[in-house]
Amino acid sequence: QVQLVESGGGLVQAGGSLRLSCAASGSIFSINRMGWYRQAPGNQRELVATITSGGSGGRTNYADSVKGRFTISRDNAKNTVYLQMNSLKPEDTAVYYCNAVTYPTMVNYWGQGTQVTVSS
């Protein structure tokens, strides 16, 4: 089992920045990939960014809509993944969920979600 706890959401004006954190606990040795997804009202949950657990900082992947504005990173010593969000837009408003995928069982774990609201 893996537990994920997010923090860092809030209200920010367009053009501003926020940093989300996701602390993992439990069977962290089994985690192969972590990431952030978001869900706006009336929309499906969508991928924002992912990072693998490999060496050299891990391999990252971003949704086209956030490339150049968001950066995902991890601190292995703290078992924490971060999402630095810059140049925020009103369309970034959503509940952001932390995700972890284990290997080889390929089980998905989710955090409780944190609200990000960007005002225009």
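1. In this predicted model, T102 has a relative accessibility of 3% and therefore counts as buried, the cut-off for that class being under 20%. T102 belongs to strand β9, which spans residues 94-102. When neighbours within four places in sequence are set aside, the contacts of T102 are V2, S30, I31, N32, V107 and Y109.

2. The peptide bond that joins Y103 to P104 deserves a check. Its omega is near 5 degrees, and the bond is cis. P104 itself is placed in the loop that connects β9 with β10, the latter covering 108-110.

3. N79 sits in the loop that runs between β7 (70-75) and β8 (80-85). With a relative accessibility of 31%, N79 is classed as partly exposed, because this value falls between the cut-offs of 20% and 50%.

4. A positive phi is likewise found at S87, another residue other than glycine, where the angle is near 50 degrees. S87 is located in the loop between β8 and β9. Its relative accessibility is 41%, so S87 counts as partly exposed.

Technical notes: Residues numbered from 1 in each chain as written. Predicted model: local features only at pLDDT ≥ 70, side-chain atom pairs only at ≥ 80, totals over all residues. Heavy atoms only, no water. Helix = DSSP H or I, 4+ residues; strand = E, 2+ residues; numbered from the N terminus. Buried < 20%, exposed > 50% of the residue type's maximum accessible area, 1.4 Å probe, protein only. Contact = heavy atoms within 4.5 Å.
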